[in-house]
Amino acid sequence: MKKALALVLAAAMAFSFVACGGSGTSTSQSTAASGGTSTSTASTGTATGDASGGKVYYLNFKPEQADQWVELAAQYTEETGVPVDVVTAASGTYESTLKSEMAKSEAPTLFQVNGPVGLAAWKDYCYDLSDTELYKQLTSDSFALKDPDDPNKVDGVAYVIETYGLIYNKALLNEYIAKDYAVIEDIAEINNFDTLKAVAEDITAHQDDLGFAAFASAGMDSSSDWRFKTHLANLPIYYEYQADGITSTEAIKGTYLENYKNVWDLYINNATCEPTMIGSKTGDDAAAEFAMGEAVFYQNGTWGYDQVKGYEVADEDMGMMPIYIGMEGEENQGLCTGSENYWCINAKASEEDIQATIDFVEWCITSETGKTGLKDMGFVCPFTGFTEEFLPANPLVTAANEDVAAGHKTVDWCFTTMPSEEWKNGVGAALLEYAQGTGDWSAVETAFVDGWATEYAAANG
C-alpha cells in the first residue's frame with residue numbers, strides 16, 4: 001500500500017498546475033449544503049502555541065466534510081485553547097460566500113481557491129506560505145500555487161489530491177461478460193472508447209435480460225451537472241493543451257469537441273433514464289442507481305465513495321477506469337488526478353490571527369490527531385507525513401493507485417483553467433438542451449469556444 005501511495009504521489013508530482021497561545025472558548029460553525037443551517041460546538045482548553053490572542057476562521061469549501069471539520073476544530077481548541085470557527089459554504093456558493101465574508105470585519109483567516117483562475121481574484125489576500133511547514137511538507141512543489149507576479153511567493157498549497165473517472169461495478173460487468181452475447185471476455189479489454197461503446201450499447205440492447213443499465217443517469221441539476229460541464233469537459237481541454245503544448249489559453253479552439261459529443265451521446269443514450277429526463281435527475285439519483293446495482297458505470301471520483309458504500313455494491317466490486325473519448329493511444333491513458341483545493345491564509349488578517357491559522361493548518365498535517373482527522377474525511381493528502389496508515393480505507397483510492405502502478409499516463413486537471421463559472425454554466429445549459437432535443441450540438445460548440453473567449457476577456461479586463 002505504501003508503494004502504491006508513493007506511486008500515485010509520484011505521478012501527481014509530474015503535474016503542472018497552470019496547471020497552532022492564550023486560553024479561551026471556541027465556537028465552530030458549519031453551514032450545511034442542503035439548507036444553510038448552522039450548527040455549533042464549543043470547547044475550552046489551555047493554549048500551548050505562540051499565537052497568543054490569535055484565532056482562526058476557516059471558510060470550508062466541502063459540504064460533505066462540514067461536520068468533521070467542526071469536530072477537528074474542537075479537538076484543536078481543546079488541545080491548545082485557540083478559538084477555531086469553521087463555516088461551510090452551501091454547495092455551489094463558495095465564491096459568492098467568500099466575497100461576502102471577506103467584506104466583513106471578522107473575515108476568514110483560512111480560505112481556499114480552486115487553482116490559477118480562482119487565485120486571480122484573491123492573490124492580493126494571500127499570505128506568503130514559502131517559509132511555512134505547510135509548504136515545506138509538500139511531497140512536490142507542483143502542489144504549490146505560486147503567485148503569477150512573483151514565482152518565489154507561495155499563495156496557496158493543495159491539501160487534498162483527488163481522482164475521477166468511470167466508477168464501475170465489477171460484479172455486474174462480469175455478469176454481462178458471462179452471457180453468450182457479450183462482446184468482450186475480460187474487463188481489461190475496455191481500454192479505449194470503441195470497446196467501451198460496444199459494451200455499453202450491448203448492455204442496453206440486452207437490458208431486459210440483464211436487469212441493469214450501462215450508465216447511471218447523467219443528472220443535469222446543480223448537484224450533478226458539474227460532472228459533465230467541468231469534469232467531462234476536462235478531457236477535450238486536456239488533449240487540446242497536449243496537442244498545442246500549452247497549459248492555459250485565452251481562446252480554446254475546441255479541437256476535440258466531436259470526441260466530447262461522442263462520449264456524451266454514449267452516456268445519455270445508454271443510461272437508467274431517457275435523455276429527456278436528465279434535467280430533473282440529481283447527483284443523489286446517480287449515486288443511488290450505482291449503489292443499488294441498477295447501473296454498471298458511474299462517472300465520479302474518489303470523494304464519492306461515502307455515497308455508494310454499504311449498499312448493493314461490495315467494496316471489492318468497485319473499480320475505476322479512465323474516461324475514454326476516442327483519442328489515439330488512449331489504451332495508456334490513466335485517470336484524471338489533481339486538486340482544486342488550495343489552502344490560502346488571509347494576508348489582511350492580524351499578525352496574531354495569521355500565526356494562529358498557520359499553527360492550525362500545520363497541526364492538521366503533522367499531528368496524529370490532525371492527520372487522522374483528514375484521513376477520516378477521505379482525503380489523500382500530498383504531505384510527507386501521510387504514510388500508509390493515513391491513507392483512507394477507500395477502494396476507489398486503491399483503484400487510483402493501481403491505475404498508476406500499471407503505468408498509465410495520468411490526466412491533468414485542466415478544468416482549473418476554465419475562465420469562469422459562467423462559462424461552465426453556459427456549456428451545461430447547452431448540453432442539457434441538446435440531450436432534451438430542444439437544442440443542437442452547435443450550441444454546445446458555441447458555448448464552449450465563443451463562451452471561453454468572452455469569459456476570459458471579461459475576467460482579465
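First, some housekeeping. This is a predicted model, where local features need pLDDT of at least 70, side-chain atom pairs count only at pLDDT 80 or more, and totals for chains, interfaces and linings use all residues. Residues are numbered from 1 along each chain as its sequence is written, and side-chain values use heavy atoms, with hydrogens and water left out.

Okay, the overall picture. The protein has 461 residues, and 56% of them count as buried; buried means under 20% relative accessible area with a 1.4 Å probe, protein chains only. In secondary structure we get 18 helices and 14 strands, taken as DSSP runs numbered from the N terminus, with at least four residues (H or I) for a helix and at least two (E) for a strand.

Now look at strand E10, residues 295-301. Seven of its seven residues are buried. Strand E8, residues 162-169, runs antiparallel to E10, with five bridges joining them; to call two strands paired, DSSP has to find at least two bridges between them. Strand E9, residues 213-215, is joined to E10 by two bridges, and that pair runs parallel. Keep an eye on Phe-297 in E10: Tyr-168 stands opposite it, and Phe-297 is also the bridge partner of Phe-215.

So, back to the cavity.

E10 gives the largest share, three residues, and helix H9 (226-232) and E10 each supply at least two. By class, that's eight nonpolar, two polar and one charged; Ala, Val, Leu, Ile, Met, Phe, Trp, Tyr, Cys and Pro count as nonpolar, Asp, Glu, Lys and Arg as charged, and the others, Gly among them, as polar.

One last stop: helix H10, residues 234-244. Eight of its 11 residues are buried, including Asn-234 and Tyr-241. After H10 comes Gly-245, with a positive phi near 65 degrees.

Terms used. Buried < 20%, exposed > 50% of the residue type's maximum accessible area, 1.4 Å probe, protein only.
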